[in-house]
Amino acid sequence: MSQNTLAAHPPAAARTAAPVFKPRRKTGTFVFNALVFLLYLFLLAPLLIVVVISFASNQYLSFPPEGFTLDWYAALPGQETFMSGLRISLITASAVTVLVLILGVPAALALARFRFKGKAAIQAFFLSPLMIPSIVLALGLVLLFGPLKLNNTYAGIIIGHIAVTFPFVVRTTLMSLATTDTSCEEAARILGGDSWTVFRRITLPLIRPGVIAGGVIAFIVSFDEAVISLFVAESGLPTLPVQVLRYVENSADAAVAALSVLLILFSMAVVVIVERVMGLRKAL
Amino acid sequence: MSIITAAGNSAPGPGLAPGVLEKAKSRRDRRTFLALLAPAILGLVASFVLPLAYMVRMSFNEGGPDGVVEEGFTLRHYIEPLGDSYFWKVTLDTFQMGLVVGVLCVLVSYPVAMFLARSTSKFKGLLTALAIAPLLTSAVVRTYGWMVILGDTGLVNSSLKSMGFITDPLKLTNNMTGVTIGLVEIFMPYAILAMISGFGRLSPQLEEAAGSLGASKFKVFTRVTLPLTLPGVLTAFLMVFVLSVSTFITPRLLGGGAVQVLATEIYDQTTGLLNWPFAAALSVILLVLFGIIISVYQRLTKKIGA
């Protein structure tokens, strides 16, 4: 062991800094890595703790866990409020995803493949909903929907969710479009393909990663969205996040932990898909 | 190295883009172009432009609590809160919360971002994903997690009690302490993302050069590392600040009604008191503050970047 370090020492020292620097740097690195580990623990603490108490057999919220149980999970299907919330959330998130893909992918195509006046302004406009606090947007929606009778309807929630999901689809699709070159599209055109065929047979397969990433992000953002749904449809069509919010407002006991774990797993699935197809860091 | 690959990546884009498709001159192309763009613009107008415009209009209407709204034009809802000490307290609390959360969040995110920017490990991708993955988990669930950790019978209080440090639980929820802790954690992924992007100019060679020229570790950090990473730090701070002053769920749940910030006030005015013109005016105020901070932020990042 000590021989190994001795052997490894001279070249490493020659490459980096003065050898005197070395031992201090090592303890420094250790302390630094330990600190980073603790910060990761802090970052993941709320998710980890939810997993732990979802399996704890304590009747009321307390620590340490007294035993292992799956009762919280078994009780889930019987909780009508959560189940109806889940149904509403799945319906809205699916509809929102389909809709923003239909709106967003062509829009990204127009931005990437056409040169026109005001392009920068249009692009800024497309990404701007992310810069608006969702509480402000939620209030605007609930006020506008009042006279239009759209509050507490699926149409209302879905329209409300377009703004907060659309920018992700445009961004990821644009990113895919920027990295694919247009020569295949041109070749297909010259060979007589009409616009729709060229898009369907050439462009779409090339930009699939961006479309998939945008779609799954749109789905999870809509599925987890709580503020707009709370304002627009709290009484009539409470989505799952709204139901959880209401429940937690009254008591932060363990009953909602099992459900939370399922929601976390759901998000993790999205993370894995996005990471696989285009890289999470690029997509967000 | 990163500069070269970045240039290499972006070169084919603009270089090859001016092709047959791009000349939107013929009428057919223009029709295609409009057909591609129009649905999206309509969608955003319905979902985003109209609601905000309607809200701004509503803020000038006469009216009061219980859903009483009379068409008209008044600046009452903007002027009245200025003389109201409660409104000032809520606004100042909101800003103070934004500042504290921004500073703390930057402090705890900096080492993680630094670690990820420097890492050459094969797990770098996984560790980066792990650091920003919480962004895609529900804010309600994460806030609930903090309620479990910080609550009166939660992890922290139970542990301290069983170890005999305390007899009565520490007050960590239903106050600003809990909200601050929760928000710092919830916005960490944003700060880490912003910093990693801002750390591009940092290179280990520069730090090593400074070290081999005799600078102490502390000096290397203050004279080389910190100045180079400052743009990323500033970006992250402003981003977290902006997110904090407008956030609703965490102050609502971890504040338990005891913490009033602009966002919770807007909610109470809307659903509790049904005072729509006033809620709208508060939102416009929040939006204007937001706009000011964002434009300052964009100026600053441009200045630093150049």
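Figure 1. Leu274(B) is partly exposed, because 15 other C-beta atoms lie within 10 Å. A residue counts as buried if 20 or more other C-beta atoms lie within 10 Å of its own, as exposed if 12 or fewer do, and as partly exposed in between, with C-beta atoms placed from the backbone. The model is predicted: local features need pLDDT of at least 70, side-chain atom pairs count only at pLDDT 80 or more, and totals for chains, interfaces and linings use all residues. Residues are numbered from 1 along each chain as its sequence is written, while chains are lettered from A and ligands numbered from 1 in the order in which they are written. Leu274(B) sits in the loop between α13 and α14 (276–305) of chain B, just after α13(B). Helices (H or I, at least four residues) and strands (E, at least two) are DSSP runs, numbered from the N terminus. The phi of Leu274(B) is near 55 degrees, which is positive although the residue is not glycine. Most residues other than glycine have a negative phi.

**Figure 2. Helix α13 (residues 262–272) of chain B.** Eight of the eleven residues of α13(B) are buried, so the helix is largely enclosed by the rest of the structure. The buried residues are Leu262(B), Ala263(B), Thr264(B), Glu265(B), Ile266(B), Tyr267(B), Gln269(B) and Thr270(B).

**Figure 3. Asn174(B) in the loop between α8 and α9 of chain B.** Asn174(B) has a phi near 55 degrees, a positive value in a residue other than glycine. With 19 other C-beta atoms within 10 Å, Asn174(B) is partly exposed.

**Figure 4. Gly154(B) in the loop between α7 (139–150) and α8 (155–162) of chain B.** Gly154(B) is buried, because 23 other C-beta atoms lie within 10 Å. Leaving out residues up to four places away in sequence, Gly154(B) touches Val148(B) and Ile149(B); two residues are in contact if their C-beta atoms, placed from the backbone, lie within 7 Å. Val103(B) is 51 residues from Gly154(B) along the chain, and the C-alpha atoms of the two are 26 Å apart.

**Figure 5. Crossing of helices α9 (residues 176–198) and α11 (residues 217–245) of chain B.** The two axes come within 8 Å and cross at roughly 145 degrees. Axes are lines fitted to C-alpha atoms, for helices over the stretch in contact, and angles run from 0 to 180 degrees between N-to-C directions. The crossing of α9(B) and α11(B) is right-handed; a crossing is left-handed if the near helix is turned anticlockwise from the far one by less than a right angle, and right-handed if clockwise. Residues of α9(B) in the contact include Leu183(B), Phe187(B), Tyr190(B) and Ala191(B). From α11(B), the contributors include Pro231(B), Gly232(B), Val233(B) and Met239(B). The contact has twelve nonpolar, six polar and no charged residues. Ala, Val, Leu, Ile, Met, Phe, Trp, Tyr, Cys and Pro count as nonpolar, Asp, Glu, Lys and Arg as charged, and the others, Gly among them, as polar.

**Figure 6. Contact between chain A and chain B.** Chain B supplies 77 residues and chain A supplies 80 residues. On the side of chain B that touches chain A, helix α3 (residues 27–59) of chain B gives the most, with 17 residues. That side of chain B divides into 54 nonpolar, 18 polar and five charged residues.

**Figure 7. Domains 1 and 2 of chain A.** Domain 1 of chain A covers 2–54 and domain 2 covers 79–283, with bounds from an automatic or database domain assignment. The C-alpha centres of the two domains are 39 Å apart. Five residues of domain 1 of chain A are in contact with six residues of domain 2 of chain A. The domain 1 side of this contact has four nonpolar, one polar and no charged residues.

Figure 8. Chain A has 14 helices and zero strands, whereas chain B has 14 helices and two strands. Buried residues make up 46% of the 284 residues in chain A and 42% of the 306 residues in chain B.
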